[in-house]
Amino acid sequence: MYQSNQKNEQHTAFTITLEKDSINFHGAIGDVVSCKDIQSIHYYEQKLPAGKKQGAGEATSHYIVGDAKFDEIGKCRAYLYTDNSSYIKAQTKDNVYLFNLANQKDTYTLYDKIKNLTE
């Protein structure tokens, strides 16, 4: 239903696929998050707090995929393009997910679609 990816010289950083009842993250680390498990979801049009990849996954100067830790957020799973100044934060009982797409417009469109699925 919805996909986004961005290529670097080597490969696709990650892909986000939105199904009718789940968000699927594919990259160095993969996750499937059921929409019914999302307790809260927020869109932020601001720079990410200070943080970095911490644990499994991969990071470059352009993206973070996998386990991460950010000030004011703590440990989370990240699927982020660090050049984009907007992101989505989804909280489940067991985890926090930070993610975005390559640009602000696509990130907000994805947020709006997920918000509608979780209501």
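Strands here are DSSP runs of E, at least two residues, numbered from the N terminus.

This is a predicted model: local features need pLDDT of at least 70, side-chain atom pairs count only at pLDDT 80 or more, and totals for chains, interfaces and linings use all residues. Residues are numbered from 1 along each chain as its sequence is written, and side-chain values use heavy atoms, with hydrogens and water left out.

**S2 and S3**
- S3 pairs with strand S2 (residues 22-26) in the antiparallel sense, over 4 bridges.
- Pairing requires at least two DSSP bridges between the strands.
- Ser22 stands opposite Ser34 in S3.
- A hairpin of 4 residues links S2 to S3.

**Arg77**
- Arg77 belongs to strand S7 (residues 74-81).
- Its relative accessible area is 16%, so Arg77 is buried.
- Buried means under 20% relative accessible area, exposed over 50%, and partly exposed in between (1.4 Å probe, protein chains only).
- Not counting residues up to four places away in sequence, Arg77 touches Ile29, Asp31, Gly66, Asp67, Asn95, Val96, Tyr97 and Leu98.
- Contact means heavy atoms within 4.5 Å.

**Ala59**
- Ala59 is part of strand S5 (residues 51-59).
- Ala59 counts as partly exposed because its relative accessibility is 43%.
- Neighbours within four places in sequence aside, Ala59 contacts Lys53 and Ile64.
- Ala59 and Tyr81 lie 22 residues apart in sequence, with 9.8 Å between their C-alpha atoms.
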